[in-house]
Amino acid sequence: MHPIQMVDLKRQYAHIKESVDAAIHEVIDNTAFINGKAVQDFSGALAGYLGSKHVIPCANGTDALQIAMMALDLQPGDEVITPSFTYIATVEVVALLRLKPVFVEVDKASFCMDPVALEKAITPKTKAIVPVHLYGQAADMEKIMAIAQKHHIPVIEDNAQAIGGDYYFSDGSVKKTGSIGTIGCTSFFPSKNLGCYGDGGAICTNDDALAAKMRMIANHGQSIRYYHDIVGCNSRLDSIQAAVLNVKLPKLDGYIAARRAAADYYDKAFAGHPNLVTPFRRPNNKHVFHQYTLLVEGADRDALHQYLADKKIPSMIYYPVPAHRQKMFAAFGSDQQVLPVTDWLTSRVISLPMHTELDQEQLAYITETVLSFLP
Ligand SMILES: *Cc1c(COP(=O)(O)O)cnc(C)c1O
């Protein structure tokens, strides 16, 4: 049996080695390392894939969120509503920009922002809402967008874990996650569903003015070289990363299908088990399974984690400490916030290996081992 990895990028690369190597070499041959043709091609292709008018490539997913928030002209002390049950990057940029993170509860089944909690948290100081499509499942965007529009608050989607996901609206229309809110942000960190071979990120929007502004912010606040109109930063997707992404973007739907097939295998093996809750799949979205995350109930989650490690099966706790309990937010007093669902989930989640290369033998071994631990 092939050794089991949380994410097996080596085996994935083996299938695309020739095209990736050729694409990287072309960049080197042309020495167009920064903003070369590969970057232009990728931005256009991603805009087409997402059905979004503008794509602004940038250095990573965290920068994407930062640039989006900078473009909204938020003032120190303005409130940004986000879940606490997320990766720290979502919230870190809020604090970095001297804005105030307001953490809301997630829905117990989908692990994503609870729209009822969102509406309750809105105050006159709320200036942005940042839903996270956690583990590859879309937040309930129809409800979130309706609330945001009612209160005239922009929505920044954190789509780092869900690129390629679909959201089905009740009027029958379908949109890609990340293309629904005012701005969508994503990451091409190697282990993400569309990963490059280093760091990378992108922002998308249908708003022409915001797109122009975010392009400037990502490029030292200039649109004409050496004329800097606003304070920006330096955040670029380099051409070598774009070359890798140009090979991988056309394969993304196939990669998602492989992840969903692995998730189906897990679901079937664990169905109805009294100690396991398999991932909920909200009917109005296509889950792209960035993670396959179980809830362990009535059994020792941490002992299961160790048991799997002993049997050479990696597993992860995403995330062991929710954002509102992180020391970095102590100054905001966020640990005083009462988020029982978030705390409850934090003590029960465990993510199993999930990637595009899991084979039947590995899946059988993983599921049998998990089941052998349980009473
Ligand atoms: C990975 C991730 C990010 C940040 O992306 P980087 O490219 O690592 O900066 C932001 N939000 C979520 C939910 C993520 O999973």
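1. Ground rules. Residue numbers start from 1 along each chain as its sequence is written, and side-chain values use heavy atoms, with hydrogens and water left out. Since this is a prediction, local features need pLDDT of at least 70 and side-chain atom pairs count only at pLDDT 80 or more, while totals for chains, interfaces and linings use all residues.

2. Who sits around the ligand. There are 13 residues around the ligand, and the nearest are Gly61, Thr62, Asp158, Ser187 and Lys192; a residue is near if one of its heavy atoms lies within 4 Å. By type, the shell splits into 4 nonpolar, 7 polar and 2 charged residues. In that count Ala, Val, Leu, Ile, Met, Phe, Trp, Tyr, Cys and Pro are nonpolar, Asp, Glu, Lys and Arg are charged, and the others, Gly among them, are polar.

3. Have a look at Thr62, where a side-chain N or O atom is 2.5 Å from an oxygen atom of the ligand. For Ser187 the corresponding distance is 2.7 Å, and for Gln161 it is 2.8 Å. The protein covers 93% of the 380 Å² of accessible area that the ligand has on its own (Shrake-Rupley method, 1.4 Å probe). Helix H3 (61–71) and helix H4 (89–96) are the elements that give two or more residues to the shell; helices here are DSSP runs of H or I with at least four residues, strands are E runs of at least two, and both are numbered from the N terminus.

4. Two domains. An automatic or database assignment divides the chain into domain 1 (9–250) and domain 2 (251–373). Their centres, taken over C-alpha atoms, are 23 Å apart.

5. Where the domains meet. On the domain 1 side, 47 residues are in contact with 43 residues of domain 2 (heavy atoms within 4.5 Å). About 4,100 Å² is buried between them, 59% of it from carbon and sulfur atoms; this is the accessible area (1.4 Å probe) lost on putting the two parts together, summed over both. In domain 1, Phe103, Tyr135 and Asn193 lose the most area to domain 2, together 18% of what that side buries.

6. Backbone details. The peptide bond from Tyr318 to Tyr319 is cis, with omega near 5°, and Tyr319 is in the loop between helix H10 (301–310) and helix H11 (340–346). Arg98, in the loop between H4 and strand S3 (100–104), has a positive phi near 65° although it isn't a glycine.

Methods: Polar contact = N/O pair within 3.5 Å; in protein donor to acceptor, adjacent residues only side chain to side chain.
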